[in-house]
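Reader: I am new to this structure and would like to learn how to read it. Could you take me through a few features, one at a time?

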Amino acid sequence: MATLQQALQEAVAGRTVNWIGATDTAREYVYVPAAMRAVVELAMHADAYGGRWIVPGAGPISIAEVLEIVRRHLGREVEIRSAGPRSEEHTSELQSQFRIS
């Protein structure tokens, strides 16, 4: 199951959303069936071969932003538990504290 799909299912079910990594880091997500339609379309054109096929999503968004949208739609709070650094600033603090380069 996709990471974002799992998070959405947890939120809708009223469970705490589990997330690995910073919640404020924007990532780009793509709906795989739609992306595969684009790839098939590209594959039908000989001039597409030999180049890079970059199939974009709708634009970068962080899980914090996604869950804010979910919260507005559900009309209730959505809890998130993240593992790992919560921001670049937090990462820098940990690196300084533990002398990690």
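**Reading the features step by step**

Author: Let's start with Val 32, which sits in helix H2 (residues 32-43). Helices (H or I, at least four residues) and strands (E, at least two) are DSSP runs, numbered from the N terminus. This is a predicted model, in which local features need pLDDT of at least 70 and side-chain atom pairs count only at pLDDT 80 or more, while totals for chains, interfaces and linings use all residues. Residues are numbered from 1 along each chain as its sequence is written, and side-chain values use heavy atoms, leaving out hydrogens and water.

Reader: Is Val 32 buried or exposed, and why?

Author: Buried means under 20% relative accessible area, exposed over 50%, and partly exposed in between (1.4 Å probe, protein chains only). Val 32 counts as exposed because its relative accessibility is 51%.

Reader: Which residues make a nonpolar surface patch with Val 32?

Author: Patches are made of residues with over 30% relative accessible area and no salt bridge; like charges are joined within 9 Å, and nonpolar side chains (Val, Leu, Ile, Met, Phe, Trp, Tyr) within 5 Å. Areas come from the Shrake-Rupley method with a 1.4 Å probe, and for residues only the protein chains shown count as cover. Here Val 30, Val 32 and Met 36 make a nonpolar patch of about 260 Å².

Reader: Which residues of helix H1 are buried?

Author: In H1 (residues 3-12), they are Leu 4, Ala 7, Glu 10 and Ala 11. They lie on the same side of H1 because they cover an arc of only 125° around the axis; the arc is that of the directions from the helix axis to the C-beta atoms. Their cover includes strand E1 (17-20) and helix H3 (63-74), where contact means heavy atoms within 4.5 Å. After H1 comes Gly 14, with a positive phi near 85°.

Reader: How many salt bridges does the whole structure have?

Author: Side chains of opposite charge can pair when their charged atoms come close. A salt bridge is a side-chain nitrogen of Lys or Arg within 4 Å of a carboxyl oxygen of Asp or Glu. A search of the whole structure finds two. One joins Glu 68 and Arg 71 (2.6 Å, N to O), and another joins Glu 68 and Arg 72 (3.7 Å, N to O). Through shared partners, the salt bridges link Glu 68, Arg 71 and Arg 72 into one network.

Reader: How many residues apart are Glu 68 and Arg 72 in helix H3?

Author: They are four residues apart, so about one helical turn separates Glu 68 from Arg 72. Arg 72 is exposed because its relative accessibility is 52%, whereas Glu 68, at 32%, counts as partly exposed.
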